[in-house]
There are 2 protein chains.
Amino acid sequence: MSPVTNRQLYLHQRPVGIPTADDIRLRTVDMTTVGDGEVLIENHYLSLDPAIRDWMSGNDTYMEPIGIGECIRSTTLGKVLESRHPDFVAGDYVQGLAVNGWEEYTINPGELLSKVPNDGKYPPRYYLSIFSGAMGLTPYFGMLELGCPVAGDTVLISAAAGAVGSIAGQIAKLKGCRVVGLTGTNEKAEWLVNELGFDAAINYKECENLSEEISKVCPERLDIFFDNVGGKILDAALLNLSDHARIVFCGAISSYNASEPVPGPYNYWQILAHSATVKGLLTTNYVDQFDRANTEIREWLESGKLRFSEDIVDGIENTVEAYTRLFSGMNKGKLLVRLAAADQ
Amino acid sequence: MSPVTNRQLYLHQRPVGIPTADDIRLRTVDMTTVGDGEVLIENHYLSLDPAIRDWMSGNDTYMEPIGIGECIRSTTLGKVLESRHPDFVAGDYVQGLAVNGWEEYTINPGELLSKVPNDGKYPPRYYLSIFSGAMGLTPYFGMLELGCPVAGDTVLISAAAGAVGSIAGQIAKLKGCRVVGLTGTNEKAEWLVNELGFDAAINYKECENLSEEISKVCPERLDIFFDNVGGKILDAALLNLSDHARIVFCGAISSYNASEPVPGPYNYWQILAHSATVKGLLTTNYVDQFDRANTEIREWLESGKLRFSEDIVDGIENTVEAYTRLFSGMNKGKLLVRLAAADQ
């Protein structure tokens, strides 16, 4: 039976600082009927990604902002309840890439929607975590195509226990690098070293002088800095560059909640002083290589060379609170919200 | 007859802001005798380069700072008066690369010293201007190796009428690009277009909103931004990037006189949003290609495809005042000081 109503989180006002339940509100709306070429999806998991914060702003960015009153756009994993689109049938598990939203049901015109296997080998939700662009492909292309790791390189990762950082660091290890992670709790620092095989991890919240701490832990200086954070952490890393260092600019989560213009790195000059390169990473540049990348990621997973963590919160009503954990550095691995309809 | 005394400019105190005659003072010192392996040089021309300002600071940089009380380090062109070094004889014209100084005579232990031809074809001082690393090789490698120009690309150059910018723009033109220069006077803007063949030039001092002006003049957006300036000009350029744009980071003259830490570009995020790349340029990375580059630069000069300007000021006592013109954007082409001993 088709659902009659839909609970969804919508943008009530543009957040100033970290989003709150005042900015993103829950409402119940009536369902519309499924039109020609459309698919009705019952969402099981919502993906909570830093990039969504940027879409909540009115800023110039690489995607359209979310409009006031609109459902919060995100990637979701769900099951098709009804299809009037030739490529999908009821019962399919599907991922809607950055076009679905934080809601129980989505009607999608087949746009950026793809079927995911439900063959018992992996839970379908893996397509929001390790098999997703955001967790798997982003660090894959960022590290390999932009970082260009060479065995023996020293690699520093910011937000190293996050979805992207935790994978980026392991990929650098697979390439024979020495890998150091920056993270915000001792528990996560231990996890990086003991479970994921990082060579060292620094709890940046306990450092009086982060640049000096990086110098101590990375006396050979940095060949690659894989940056998800920006701000002061980027500045500390810039003071430790090797000549010809590569800075993979994957994100700048430290600035996503800023209400004033955020200055770029004060140590920008170090890029010149060390003939370094800053490379902006958009995974969509590598669409033609996604299949090859996914194959390699699966091989690493199946052979135990790559590990990952999912941080799963239950209930659409807990989404906003969960989302703020991204910005306080409290999540470990990929942050997901599981909705009531989830069957696995 | 050997000189007995030497007038030299030395660093009396580290400048705060634009260097003044209080910071850099003229003194007369006694000459020492020429030791084994050393060369006595009579300087004819001093090279006035933005990088020297950085050496006057105590900052971490890619060369040692100039010590308090030391002669201001620079590249000079001079004639050998006496040689106890096997590679040089009296009468040779020589260039001392960033190891000589702002003084009438230099005793050099053969370090980074090279003979330059005096065969009547070109004035030897060209080895401080168009045949120097700073004016010829820097834009050559910066544009070709880091900018990677492709015919049809839109290229923006900051400090376009300066020694580096004026050559960088012409090299991009030779590669079939559309080239726009940013400069600080209408006279220089006209020179760029009418004499050097730039497609357009913007007097940034007359723009209320530089980013919008760049948008108007470069509706196709920027494939390459060759940056000598940094600061607000870099921020305006970042708002106009094409996807996959290359930012050649050659200098940041807007910040060399800062007495407080200078923020990096506020629009740093645009690097990610456009999958752009910022590449720090140090010409010394290309030493093994200098001969090839110099050959090509000469061919362009001799066939009239490349033009350049020298801005020559007479008298060691006018050096500091001349030097400040670099920072007010008043020089056109390569800024040199001609000393009394110059014979051509």
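## Interfaces between chains and domains

Between chain B and chain A the count is zero salt bridges, a salt bridge being a side-chain nitrogen of Lys or Arg within 4 Å of a carboxyl oxygen of Asp or Glu. The model is predicted: local features need pLDDT of at least 70 and side-chain atom pairs count only at pLDDT 80 or more, while totals for chains, interfaces and linings use all residues; side-chain values use heavy atoms, with hydrogens and water left out. Residues are numbered from 1 along each chain as its sequence is written, and chains are lettered from A and ligands numbered from 1 in the order in which they are written.

Eight residue pairs are in polar contact between chain B and chain A, both residues at pLDDT 80 or more. A polar contact is a pair of N or O atoms within 3.5 Å; within protein, one must be able to donate a hydrogen and the other to accept it, and residues adjacent in sequence count only if both atoms are side-chain atoms. On the side of chain B that touches chain A, β12 (241-249), α7 (269-273) and β13 (277-280) of chain B each supply at least two residues; these helices (H or I, at least four residues) and strands (E, at least two) are DSSP runs numbered from the N terminus. The most comes from α7(B), with five residues. By class, that side of chain B divides into 20 nonpolar, nine polar and three charged residues. Here Ala, Val, Leu, Ile, Met, Phe, Trp, Tyr, Cys and Pro count as nonpolar, Asp, Glu, Lys and Arg as charged, and the others, Gly among them, as polar.

In total, 32 residues of chain B contact 32 residues of chain A, contact meaning heavy atoms within 4.5 Å.

How are the two chains related? Chain B can be laid on chain A with an RMSD of 0.0 Å by a turn of 180° and a shift of 0.0 Å along the axis, which is the relation of a two-fold axis. The superposition is by least squares on the C-alpha atoms of residues with pLDDT of at least 70 in both copies. Of the residues of chain B, B:Gly264 comes closest to the rotation axis, at 1.9 Å (C-alpha). Because 100% of the interface residues of chain B are also interface residues in chain A, the copies meet through the same surface.

Within chain A, the domain assignment gives domain 1 (5-129 + 309-338) and domain 2 (133-284), with bounds from an automatic or database domain assignment. Their contact takes 19 residues from domain 1 of chain A and 16 residues from domain 2 of chain A. The centres of the two domains, taken over C-alpha atoms, are 28 Å apart.

The table gives the buried area, that is, the accessible area (1.4 Å probe) that two parts lose on being put together, summed over both.

| Pair | Buried area | On carbon and sulfur atoms |
|---|---|---|
| Chain B and chain A | about 2800 Å² | 64% |
| Domain 1 of chain A and domain 2 of chain A | about 1500 Å² | 60% |

Between domain 1 and domain 2 of chain A the count is one salt bridge. A:Lys332 pairs with A:Glu187 in a salt bridge whose closest N and O atoms are 3.3 Å apart.
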